[in-house]
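Colleague: I am new to this structure and should like to learn how to read it. May we begin with the sheet?

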Amino acid sequence: MIMSGHCSHTWSMLFRKGLTRTREPLGAKRRISFRMPTATKKDVRLRFMNAMHSIARATGRDVAAVFDLSRFKTACDVGGCTGAMAYELVKMYPDLTIAVYDLPAVIEMSSHFRPHKQDTHRVTFTAGDFFKDDLPKADLYILSRILHDWSEDKIDVLLSKISQICTPGCGLLVAEIVLDEQRRSPARALLQALSMTEGKQRSGSEYSQLLQKYAFTEIQPKHTGNFLDAILFVKQ
């Protein structure tokens with residue numbers, strides 16, 4: 001089963017791709033067998049989450065700084081994995097508290113990534129499936145590397161749920177690689193495309209058109225100069 005948090009979803013695909021295929025020597029009767037990697041699933045997941053955590057920390061600083069989010073007091077990082085983005089946001093916004101929402105298998109390992117020299121009491125972790133379960137209430141919802149990864153039907157489920165829980169003035173911060181309007185750049189989008197299965201990458205105008213269906217108005221897209229760009233939306 002493919003997990004539904006962005007961290008666990010990508011991990012599960014990579015783990016399946018980690019299955020190694022063996023063949024008989026050339027000329028022998030053809031026989032294909034599969035063997036599992038020697039590491040356990042937990043080991044592989046932890047290593048992958050560590051890599052994701054490092055990337056999220058590096059990009060999180062720029063995403064946190066590109067907009068003034070001081071008006072928001074509570075946030076929910078949907079599919080927030082290790083909490084790396086949340087830890088960066090609370091460092092920049094001292095009045096903000098954030099609930100990181102991801103699957104139980106991810107949340108149970110979040111303590112491995114808690115910063116040692118930072119007050120982390122304003123970051124909490126809540127386990128759940130964002131397609132099936134209720135989301136925590138918040139002033140600001142964060143979707144970092146979520147929307148590009150899922151089919152239109154699944155995106156509709158998620159965005160409908162966020163739209164319903166949001167009151168006018170609530171924010172939605174989308175962090176993605178945003179394509180130019182000709183859909184030819186940036187080059188780093190090609191790297192992301194290698195891990196995609198059912199989703200698609202979008203330009204800034206395509207994200208705006210998508211979120212308008214759910215009563216969100218775009219404030220302004222921002223190119224951070226880092227791996228991820230950011231777009232802030234506000235519920236009408």
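Modeller: Strands are read as runs assigned by DSSP (E, at least two residues), as helices are (H or I, at least four), both numbered from the N terminus. Two strands pair if DSSP finds at least two bridges between them. Here an open sheet of 7 strands runs in the order E5-E4-E3-E6-E7-E9-E8, with mixed pairing. At its edges lie E5 and E8, each of which pairs on one side only. From one strand to the next, the twist averages 20 degrees. This is a predicted model, in which local features need pLDDT of at least 70 and side-chain atom pairs count only at pLDDT 80 or more, while totals for chains, interfaces and linings use all residues. Residues are numbered from 1 along each chain as its sequence is written, and side-chain values use heavy atoms, with hydrogens and water left out.

Colleague: In what sense do E3 and E4 pair, and over how many bridges?

Modeller: E3 and E4 pair in the parallel sense, over 5 bridges.

Colleague: Is Ser208 buried or exposed?

Modeller: Buried means under 20% relative accessible area, exposed over 50%, and partly exposed in between (1.4 Å probe, protein chains only). Ser208 counts as buried because its relative accessibility is 8%.

Colleague: How many residues of helix H3 are buried?

Modeller: Helix H3 (residues 84-92) is mostly covered, with 7 of its 9 residues buried. These are Ala84, Met85, Ala86, Tyr87, Glu88, Leu89 and Val90. Their cover includes helix H2 (41-66), strand E3 (74-78), strand E4 (97-102), strand E5 (123-127) and strand E6 (140-144). Take Ala86 as an example: its relative accessible area is 0%, so Ala86 is buried. Leaving aside neighbours within four places in sequence, Ala86 is in contact with Asp77, Ile98, Val100 and Val123. Ala86 and Ile98 stand 12 residues apart in sequence and 6.3 Å apart in space, C-alpha to C-alpha.

Colleague: Which residues of H5 are buried, and what covers them?

Modeller: An α-helix has 3.6 residues a turn, so residues three or four places apart point the same way. In H5 the buried residues are Ile155, Leu158, Leu159, Lys161, Ile162 and Ser163. What covers them includes E3, E6, E7, H7, E8 and E9. The length can be checked too: the expected span of a helix is 1.5 Å times one less than its number of residues. For the 14 residues of H5 (residues 152-165) this gives 20 Å, and the end C-alpha atoms are 20 Å apart, which agrees.

Colleague: Which phi value does Cys81 have?

Modeller: Most residues other than glycine have a negative phi, and most peptide bonds are trans. Cys81, although not a glycine, has a positive phi of about 55 degrees. Cys81 is found in the loop between E3 and H3 and counts as buried at 4% relative accessibility. Ala215 also has a positive phi, near 70 degrees. Ala215 is found in the loop between helix H7 (204-212) and strand E8 (216-222), and is partly exposed, with a relative accessible area of 24%.

Colleague: How many disulfides does a search of the whole structure find?

Modeller: A disulfide is a pair of cysteine sulfur atoms within 2.5 Å. The search finds 0. For Cys76, the closest cysteine sulfur is that of Cys166, 9.8 Å away and therefore too far for a bond. For Cys166, the closest is in Cys170, at 4.2 Å, which is also too far. Cys76 is buried at a relative accessible area of 0%, and Cys166 counts as buried at 5%.

Note on methods:
Contact means heavy atoms within 4.5 Å. Axes are lines fitted to C-alpha atoms, for helices over the stretch in contact, and angles run from 0 to 180 degrees between N-to-C directions.
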